[in-house]
Amino acid sequence: AEAGSFPAHKRWKIVFVNHVTTNPFFVPTQYGIQDATALLGMDYQWTGSANADIAEMVNAVNAAIAAKADAIAVPIVDPKAFDKPIQAALDAGIPVFAYNADAPSGSSNPRLAYIGQDLYLSGYQMGERIASLIDSGLVALFIATPGQLNIQPRLDGAVAAIKKSGKKIDVQTIATGATVNEELSKIKSFFLGHQDLKGMFAVDAGSTQGVAEVMKESNLPAKGVHGGGFDLLPRTVDLIHDGFLDFTIDQQPYVQGFYTVVEAFTFLASGGLVGPANINTGLKFVTKGSVDPYLTTSTRYEGKSTKAQIVPRTGAIKG
Amino acid sequence: MSEVMEALRGEDIVKRFGPVTALDGVTLTLRQGEILGILGDNGAGKSTLIKILTGFHQQTSGKLFVGGEETMLRSVDHARSLGIECVYQDLALANSLSIYHNMFLNREIIRRGPFRLLNNRAMRERAAECLEEIGVHVPSVDLPVEQLSGGQRQAIAVARAVNSNARILLLDEPLAAMGAREAGLIIDLILRLKAKGGLSIVMIMHNYAQTLDIADRVMLMQRGRVTYQREAASTSVEELMDIVRREYRAMRTSAQ
Amino acid sequence: MSEVMEALRGEDIVKRFGPVTALDGVTLTLRQGEILGILGDNGAGKSTLIKILTGFHQQTSGKLFVGGEETMLRSVDHARSLGIECVYQDLALANSLSIYHNMFLNREIIRRGPFRLLNNRAMRERAAECLEEIGVHVPSVDLPVEQLSGGQRQAIAVARAVNSNARILLLDEPLAAMGAREAGLIIDLILRLKAKGGLSIVMIMHNYAQTLDIADRVMLMQRGRVTYQREAASTSVEELMDIVRREYRAMRTSAQ
Amino acid sequence: MTDVQKAGRRPRRWSNALGRSSEIRIFAVALILCVYFETVNHDFLLTGASLQNLSQFIAPVAIIAFGEIMLMIGGEIDLSAGMVFAFAPFIMHFALEAGLPPWLAILVGVIAAALVGLVNGAVTVYLRIPSFVTTLGTLFFVNGLTLTISRGTPVSPPENSALAPFMGEWGYSEIIWTLAIAAAMHVLLRHTRWGLHTIASGANPLGASEAGIQVRRLKLGNFILAALLAGFTGILEAFRITSIDPQAGGNQIMFLAVAAAVIGGTPLAGGSGTIIGGLIGAAVLGILNDGFTLIGINAFTFNMILGAAILGAMIFNIHVVRLARKGEL
Amino acid sequence: MTDVQKAGRRPRRWSNALGRSSEIRIFAVALILCVYFETVNHDFLLTGASLQNLSQFIAPVAIIAFGEIMLMIGGEIDLSAGMVFAFAPFIMHFALEAGLPPWLAILVGVIAAALVGLVNGAVTVYLRIPSFVTTLGTLFFVNGLTLTISRGTPVSPPENSALAPFMGEWGYSEIIWTLAIAAAMHVLLRHTRWGLHTIASGANPLGASEAGIQVRRLKLGNFILAALLAGFTGILEAFRITSIDPQAGGNQIMFLAVAAAVIGGTPLAGGSGTIIGGLIGAAVLGILNDGFTLIGINAFTFNMILGAAILGAMIFNIHVVRLARKGEL
Ligand SMILES: Nc1ncnc2c1ncn2[C@@H]1O[C@H](COP(=O)(O)OP(=O)(O)OP(=O)(O)O)[C@@H](O)[C@H]1O
Ligand SMILES: Nc1ncnc2c1ncn2[C@@H]1O[C@H](COP(=O)(O)OP(=O)(O)OP(=O)(O)O)[C@@H](O)[C@H]1O
Ligand SMILES: O[C@@H]1[C@H](O)[C@H](O)CO[C@H]1O
Ligand SMILES: [Mg+2]
Ligand SMILES: [Mg+2]
């Protein structure tokens, strides 16, 4: 990093392996990586699997080791599969960080630190929110691809929280499919067959947008139906603003990239003395009340613009 | 046991394909050791009859007797186990396979040993010899049959059947694409085989003169029926031609 | 202009398929209005020659003249635009299509109007008439050709070419699968067409007697070369057979 | 009546019915499925919203299937269709941003799709690469291109455009397009030389070229047609879901389209095919998908039931319906 | 030398080379790709870790491809392979939980896979449903079944089992399995009646059954073989990545396997095929995937470059290599 008081160093290369490389959710993550690597004089590579194929991700980690990367970051979306490759990287002197998804607590995974939000926990918190909104009746939980490891834990968390609440909520989980087109139609189908439902929630970005769309089409908030989900697709944000969706959950993808790079840098610069520290990137419920900044600005930090920018803000800072 | 044993007999065989009646009650006998020539119009049902005798099609009704015993031919394999081999009109060759593999298709020579591997060398050599015998020249027996000329292809199919140690040979227009010289050699070969004894042959032919030369008996088929049967020695090309024309005219008038 | 004009001429035509030499320098002339019969061994290169004359294959070397002008036949369409039609030995039928569609394949009757829709009714009727003319019975012209017998299929292919108003007709074993009666009717039809004038025909045949009956001139091919040419009137089946045997023996001895 | 007339006319009706029988059979299956779902859940068909939603399950798969059918008849396939589906609306988007009027932008999007088809066709036909490989290549290429030009982020289709309702926004517009395109494609396949020659070159490529049919030109055209239809469907869907998503379509929809074609009676191996069958095939898949979702099958068991239903429906299609018809005769 | 001997022997060598030429050509492509990646990044081949990783890119696709090749030769396909891949290790897992020893549990997993193949084959062959539809049905069914029995959560394969190193855990074990299976399958296809009859029934199904070949039994067997190989691959991969994941494999790997088969020279339309070609086809895909990842191509442009490279490699394969060979002659 020339700008800082660091002596000249190699342009370290950090390889980000990802489970859904082309998912819009991770566009701001990549901007965070770009900004941090530019700042710190590093290079990066964005690679992995497009559809959460674990074998593909393991191959990508191994390829990074073979290519002698200086640091590796990987979402640990499988409880065991990454133990060995991460150990191999560490053995080869390559620091490995987990971001976006971490190994389950109590696991023996040797990653140095985790930057992100616990997937199961985020689902659990959504479940608590659902239980606070709805007392009884049918609640639909939509999932794009059941069993896919970046979203299934959220569903499990949500179901657990709802059960724990003791309320007489009847949860049904529905698979919606891998693409937004399908997701919308499927959610509509389910709704048409179950017009007495009390809530519709989703654990992935596309289904969340679909829920919002269906809530709008049949004007469900007026009938007391609640809805919510994850991530900040443009359409989702619009419809929260229009009051059709109760909430969506923001996990701050930008910083998941940014901080990971910074941790890798400090680790490499300090010879391993400094760096590995877990960072909880938070879990923000975005509601009609707090959605405005997402709407009025179109920024790199939310992935909606490529422009480098400083966003001015005013007024008191609210939670 | 009568003196002349029958190799194959069909009684009142009917075959329908959906609304099409291909065979409309055919009765025939193939005697042991004879060559029966079948002549007839296009679409008369000759190939359909052959395919029933070889177990490829099953008759809609009627009875079949092999060696005097009533038999329902369930499959080509079944018929083959009873010693019936056939050359089909469409030749039944696998285009992408070599000449020698086609020549031994489903009757491959196997090497000794537990794995039952193919003995390609033996098949290659036997195939070359065999084509030599019927005077058909091919650049190499390794060529896929799709690169062969029409007559060469037919020669492969005929050679396959003729070399099979069958007791009953069914040949559906085996000489249709053959050159005159090659046809002559094949006829010689068939007559030699017949002379060895134990072999009965049905040949579908369109060349009347050739048929009368080679067959012991001829049979005429028209529109799914047998319209004429005679010892070859006691008829002539002219007589056969006359019958065909007469029957055809009769059919036409009755249809109008 | 000489009195007898040439319809088609090939000079020293060579065709190789990879290592196989199918035609080894063939020179031939088809005179205006004549029927040229080509006889010969299997694999002699007859079909290959025809496929070059119809623009389907291109010769490796040698010259072609159509109506006296040197022409490189680029494609079947090109040859057809020059009035050349062909019946191929493999018949070139589309199995899943109906009889009448096959009969008019690539020469369909089109309805008036901007959309150039097919006139199926007209094709259906003309197809039925046409098969009637050559005495071939089919249950319905709507049947897919895959359900036809060998001879019926051949009749479709021949009828297609014969009804095309071609000036040059190339027929590759057009009677191979035909019944004797049907073959006779087709020969009559061809002779009638020829009598109308303006039509020149090449016929590949294996039946020497039939060929001498119908052809004006005959040509013998063996192993990629023309080994004999003569006016039909001045030769006989016996002479032809003798030549074939002699040539074959000569080849065999030189090869050993 | 003479023999000629008989051969020429008489068997026309039953033979046609026989030719169409695969369409009739699969149609019977679709009907029975409708009856089943309607019985289980009365909201399946008889409300406007349901019908509309069902139509939206069917439409995109059907339109893409039409293109695939033309290719499959000739023994080819377009694996890239799902990616072209995602690609075309982005091109439309950029054309709009560049200031073109909506109708022209749509046209530009469709033309861009057709260009992918041209590449698919040219490489397959003139460079003789199997179309499975060619379109596997363009599948990846177009997917990467879409991701790159979109930067991975969805955008919105033109809002409040007068064209939008016609182009998918209005609930029934997509199925109307589907039916119109089905009619046109049916005529193309069954009543023009193009269609007849496509079938002939699929059934016997060598024979067709011996007959002088320009097999390669036909294939090229069908590749373009398939890509164009896929791109157009992508644009319709973008208007419907009011979002242009770089992840839209994908291999999933291509796969379903090919499945619809096969279920409808077009064999993968080529040589024959039916547009109407493909439409009904898409309907069967759509009904199953919609129906089971509507009656609320659980996420984990959904695919199990869907798979069993597909098998059951097809076995029914081929055996029971045929037996029933035989009894009738 | 007499004519007989000539026809019987002489052209044996060149004709064999010609028969194999598609394998030789695609092998040349694989070599050139290796040289390219090795030049760009010296770590591509010449370190143990790289070679091992490359081998793991290739192995699973190749083994599944072998099964698909046997089916494709007969004009069939198994779409469910990727789902069986995910299914078999779960059955193994439950067998272990039930107390079976590891080797027996593995066997049970493979047999479960084979049972899916039996269903695929029986429905296709005896109920005459096109295999595309049959295996589409089982694809969904098996996927749903895997999700249901696994409850969507991954589990671990047996740890510290003495078998594990042989079954994929040791870096090179998978590629050794691949080579061994390739050898066995090659012999099966080229040197046994089973293989010969498979080719014959693909090239001419009617003719093959006229010749008395039991086309249906062969197909049934090949469906079982394909499913068995897919299940076995799933187990190998589970040991390698030390996790049994309900979403593993999927359509992606099936798709790549079919692509490897086609790239290697087995046409989708059937009638011919080569195991060695499929192996090299999988190698080409693996080299491209591994190579571009190793030299650091980003995900968004990755597919673009991969797609272009597939097209380029195949055009090179078919044209440049052939021309070069011609020059040599
Ligand atoms: N496409 C091809 N590829 C390779 N060799 C071929 C090809 N077509 C023909 N040949 C070879 O060329 C030679 C001549 O074949 P052609 O079909 O012209 O013979 P023909 O005289 O028509 O024989 P027949 O009377 O049996 O029909 C044969 O040896 C054949 O194997
Ligand atoms: N698989 C089938 N489906 C429907 N009809 C068929 C089928 N096979 C044959 N036919 C019909 O049965 C009749 C008899 O056909 P077959 O092939 O037995 O005639 P053939 O006597 O061998 O004629 P050719 O001399 O032309 O070979 C024909 O009208 C044909 O259309
Ligand atoms: O956390 C993220 C997102 O919410 C998104 O749905 C895709 O992948 C997950 O891991
Ligand atoms: Mg016949
Ligand atoms: Mg010929």
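How many cavities of 30 Å³ or more does a search of the whole structure find? The search finds 16 in this predicted model. The legends below describe close-up views.

**Figure 1. The second largest cavity and its lining.** The second largest cavity holds about 210 Å³ of space. Its lining consists of 18 residues, and those nearest the centre are Glu182(A), Phe57(D), Val61(D), Ile253(D) and Leu256(D). At least two lining residues come from each of the following elements: helix H6 (180–193) of chain A, and helix H3 (48–73), helix H10 (215–241), helix H11 (250–263) and helix H12 (275–294) of chain D. By residue class, the lining comprises seven nonpolar, eight polar and three charged residues.

**Figure 2. The interface between chains D and E.** Eight pairs of chains touch, and the pair formed by chains D and E has the most contacts. On the chain D side 44 residues take part, and they meet 44 residues of chain E. About 4,000 Å² is buried between the two chains, with carbon and sulfur atoms giving 83% of this area. Within chain D, the residues that lose the most area to chain E are Phe132(D), Phe255(D) and Phe300(D), which together account for 16% of what that side buries. By contrast, chain A does not touch chain B, their nearest C-alpha atoms being 36 Å apart. Chain A likewise has no contact with chain C, and the closest C-alpha atoms of that pair also lie 36 Å apart.

**Figure 3. The magnesium ion (ligand 4) in chain B.** Two protein donors, Ser47(B) through OG and Gln89(B) through OE1, lie 1.9 to 2.1 Å from the magnesium ion (ligand 4). Ser47(B) is classed as buried because its relative accessible area is 18%, under the 20% limit. Gln89(B), at 24% relative accessibility, is partly exposed.

**Figure 4. The magnesium ion (ligand 5) in chain C.** The magnesium ion (ligand 5) is coordinated at 1.9 to 2.1 Å by OG of Ser47(C) and OE1 of Gln89(C). Ser47(C) lies in helix H1 (residues 46–53) of chain C, while Gln89(C) lies in the loop between strand S6 (84–87) and helix H3 (99–103), so that the pair links parts of the chain 42 residues apart. Ser47(C) is buried, with a relative accessible area of 15%, whereas Gln89(C) is partly exposed at 24%.

**Figure 5. Packing of helix H8 in chain A.** Buried residues of helix H8 (residues 234–241) of chain A are Arg235(A), Thr236(A), Val237(A), Leu239(A) and Ile240(A). Their packing partners in chain A are helix H7 (205–217), strand S10 (247–250), strand S12 (284–287) and helix H10 (292–296). Gly243(A), just after this helix, adopts a positive phi of about 85°.

**Figure 6. The surroundings of Leu199(B).** Leu199(B) is located in the loop between helix H6 (180–196) and strand S8 (200–204) of chain B. With a relative accessibility of 7%, Leu199(B) counts as buried. Beyond residues up to four places away in sequence, Leu199(B) touches Gly33(B), Glu34(B), Ala166(B), Arg167(B), Ile168(B), Leu169(B), Leu193(B) and Lys194(B). The C-alpha atoms of Leu199(B) and Gln32(B) are 7.1 Å apart, although 167 residues separate the two in sequence.

Note on methods: Residues are numbered from 1 along each chain as its sequence is written. Chains are lettered from A and ligands numbered from 1 in the order in which they are written. This is a predicted model: local features need pLDDT of at least 70, side-chain atom pairs count only at pLDDT 80 or more; totals for chains, interfaces and linings use all residues. Side-chain values use heavy atoms; hydrogens and water are left out. Donors are N, O and S atoms within 2.8 Å of the metal (3.2 Å for Na, K and Ca); water is not among the atoms, so sites may look incomplete. Buried means under 20% relative accessible area, exposed over 50%, partly exposed in between (1.4 Å probe, protein chains only). On a 1 Å grid over the protein atoms alone, a cavity is a set of points where a 1.4 Å probe fits but cannot get out, and a pocket is an open set with protein on both sides within 12 Å along at least five of seven lines; lining residues have an atom within 4 Å of a point. Grid points are joined across faces, edges and corners, and a volume is the space filled by probe spheres set on the points. Helices (H or I, at least four residues) and strands (E, at least two) are DSSP runs, numbered from the N terminus. Ala, Val, Leu, Ile, Met, Phe, Trp, Tyr, Cys and Pro count as nonpolar, Asp, Glu, Lys and Arg as charged, and the others, Gly among them, as polar. Contact means heavy atoms within 4.5 Å. Buried area is the accessible area (1.4 Å probe) that two parts lose on being put together, summed over both.
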